[in-house]
Amino acid sequence: MFSLLVLVPFLILVAVNLSKKVAPNVACSLTALATLAQAGFVVSLPGTLLKTNNVIFTWLPDFKLAIDEFSIVVLAAIGIVAFVACCVARSTINDPGQRATFMNLLLVALIGMNTTVMLRDIFSIYLFVETIAIISFVLISIDRGRLALEGAFKYLMLSAFATILMLSSIALMLLFSPTLELSGLAEAMSVYPNPILIKLSIGLFLCGLFIKSGLFPFHWWLPDAYSAAHSAASVLLAGIITKVVGVYVLMRLSLSIFGESLHIQAMVMAVGALSIITGAVLAMTQKNFKRMLAYSSISQVGYIILATGVGTPFAFAAAAFHFFNHATFKSLLFVNAASVEKRLGTMDMREMGGLSNRMPATGITSLVGFLSTAGLPPFSGFWSKFMIVLALWAAGKYFYAAFALLASILTLGYMLILQRNVFFGKLKDGLGGVKEVGPGLVIPQLVLAAIIVLVGVCFPFVLNKFIFPVQSIFLK
Amino acid sequence: MMIDLILLSVLLIMVIWTVMAIRLVRSAVGLALTSVVLSILMFRLNASLAAVFELSVCAGLISVIFITTISFTRRMSKSDFKTRRRQRLSKFWPLPLIIIAAAILLFWRHFPSEVIFIRVPAENVRDVLWNTRHIDLFGQVLVLLAGAFGVVALFKENKK
């Protein structure tokens, strides 16, 4: 059954490319349906998973893929964000050929992401991460504008560097482990007498992942890439791709192979904390809507990394929860940005103001995204940040707990600047004729806003059904 | 061991040449030679299948594609060439020295003496490809698809 998560997108990809008669909109609808079905399917899973323990299934002989409670949270986020990206592409990419190409790229990215989440072999994970990276270069530069190509080139260069680091790390791992499966690797590490070689290999792989995640000090490619990419590509990149190739892999490795190393934990927490502060401070200085959101992403991903570094089951569950929440509220804010760009043709916040009056759905949903990002109750972002602070406090990391709490004030600050400049206040001269965007963009905004509100309001249910079960992975 | 060290040194020189060369053709040739040396190293490590792939695809096919593409471009004028060379050298002259120093420090002084190698019994290449690691083959198929869609997205001209 789980194989369908890979097989269905693959079959859609083959079907829409084999027949020239398939219109881009049909491909778009099929992909949207598949992604929605994916989100629905994985969300209905946890009860059975708890009974059957860590589900390992085979697709073809020895095609080992596995699903656990953490995978479910990530797969649900992938389904939701990919669905939203489909809707945004349908509304914002006018050229049918370009829309068809975007759908193909999205499908390959979807297959790559789903497979990455279910893999338990470090080399295979690396290979699929690279596949998604290739898709990302193309997605960023699909408009072929100067800025888009520059953003893609920066990502390409840094990503190549990350590749070198990750491959070197894998080569070092092969010196002390006969296998690259995560469980075998952890076993080999526990008995190998040279800790320096182990730490060097983990450190190199982590640096590669920090680059892929756009974390401090490797963050400078990310604002260029997100802001220059097409709106639909921005949603996909900021919402899920960067998170799967960087953050998810880092969390998976922390769970499987380096979770107990105090030095590595300290390094991961420091990088997380520095990313939080750097992203937030730089976001405050931005004049471009999408660039501000990109810096905000760096800061919010910092929270996930900070919680991952703690190494306790509760902190890991909190990180997984913030992973999902960030995927939804950041996608929502990028769809808001896409709507504003569609109507105004610019992302310069100095040319905006009072848009809530003219674009009520976009204005209200952006408020939901803003409040969730800032961590205000009762929205989903509040609960995950609250859990992160609690986890830090419970683990005795009082400095980091206070730091995470205070950094929320900065988040509130830059999100207020964004809201004031774009949606609140008096309508800017010349914007009197601006109208709300069509249902193609309003529907995904409403869907995401509803998820954020529902997850926040029904927090006890979400916590018991999806988030607390993530802790059980530690016991397995 | 000595032959391997010589080969690794040659590899390093080829890599530096590839990166530092001003003319694209020389860079492409440097890359092809890098692949050839790498293939020899792979043969010596008993990774014959990987060596054959490296030699045929990287040193052969990719070099042909590179050189064919470069043949469509305009040749750089002599004055441009001199300016570029001066600029490149003034910016990147420490790079080869850093790489060579790092290589000496890392590999010749410390590395081999501290490492205990885990010996893995050699497996049948066909077994590895089709049974143990065939998910990687699926990954390769995806990489090819990603490349193909990338080419369409970036190089196909709009009819309008």
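Predicted model: local features only at pLDDT ≥ 70, side-chain atom pairs only at ≥ 80, totals over all residues.
Start with chain A. Its secondary structure comes to 20 helices and two strands. The radius of gyration of chain A is 21 Å, close to the 23 Å that the globule rule gives for 476 residues, so chain A is as compact as a globular protein of that length. Along the principal axes, the C-alpha atoms of chain A fill a box of roughly 70 × 55 × 45 Å. Of the 476 residues in chain A, 59% are buried. Take the contacts in chain A between residues at least 6 apart in sequence: 80% of them join residues at least 24 apart.

Now turn to chain B. Chain B has seven helices and zero strands. Its pattern along the sequence reads α-α-α-α-α-α-α. Chain B has 160 residues, and buried residues make up 12% of them. For contacts in chain B between residues at least 6 apart in sequence, 54% join residues at least 24 apart.

Back in chain A, two helix pairs deserve a look. Two packed helices are described by the angle between their axes and the distance between the axes.

Helix α1 of chain A spans residues 4-18, and helix α5 of chain A spans residues 96-118. They pack at an angle of about 160 degrees, with their axes 9 Å apart. An angle over 145 degrees counts as roughly antiparallel. α1(A) and α5(A) are therefore roughly antiparallel to each other. The crossing of α1(A) past α5(A) is left-handed. On the α1(A) side, the contact is made by A:L5, A:V6, A:P9, A:F10, A:I12, A:L13, A:V16 and A:N17. On the α5(A) side stand A:M103, A:N104, A:L107, A:V108, A:L110, A:I111, A:N114 and A:T115. By class, this contact of α1(A) with α5(A) has twelve nonpolar, four polar and no charged residues.

The other pair is α14 and α16. Helix α14 of chain A covers residues 313-344, and helix α16 of chain A covers residues 360-374. Their packing angle is about 145 degrees, and their axes lie 9 Å apart. α14(A) also passes α16(A) in a left-handed crossing. From α14(A) come A:N325, A:F329, A:L332, A:L333, A:N336, A:S339 and A:V340. They meet A:T362, A:T365, A:S366, A:V368, A:G369, A:S372 and A:T373 in α16(A). The residues of this contact of α14(A) with α16(A) divide into five nonpolar, nine polar and no charged.

Next, a covered helix. Helix α10 of chain A runs over residues 221-228, and eight of its eight residues are buried. They are A:W221, A:L222, A:P223, A:D224, A:A225, A:Y226, A:S227 and A:A228. What covers the buried residues of α10(A)? The cover includes α6 (122-141), α7 (146-176), α11 (231-258) and α13 (289-310) of chain A.

Finally, a single residue. A:A39 lies in helix α2 of chain A, residues 24-43. With 19 C-beta neighbours inside 10 Å, A:A39 counts as partly exposed. The cut-off for a buried residue is 20 or more. Leaving aside residues up to four places away in sequence, A:A39 touches A:A76, A:G79, A:I80 and A:F83. A:A39 and A:L237 are 198 residues apart in sequence, and 18 Å apart in space from C-alpha to C-alpha.

Note on methods. Residues numbered from 1 in each chain as written. Chains lettered and ligands numbered in written order. Axes fitted to C-alpha atoms, helices over the stretch in contact; angles between N-to-C directions. Helix = DSSP H or I, 4+ residues; strand = E, 2+ residues; numbered from the N terminus. Parallel < 35°, antiparallel > 145°, perpendicular 65-115°, else oblique. Left-handed = near helix turned anticlockwise from the far one by under 90°. Contact = placed C-beta atoms within 7 Å. Nonpolar A, V, L, I, M, F, W, Y, C, P; charged D, E, K, R; others polar. Rg over C-alpha atoms; globule rule 2.2 N^0.38 Å.
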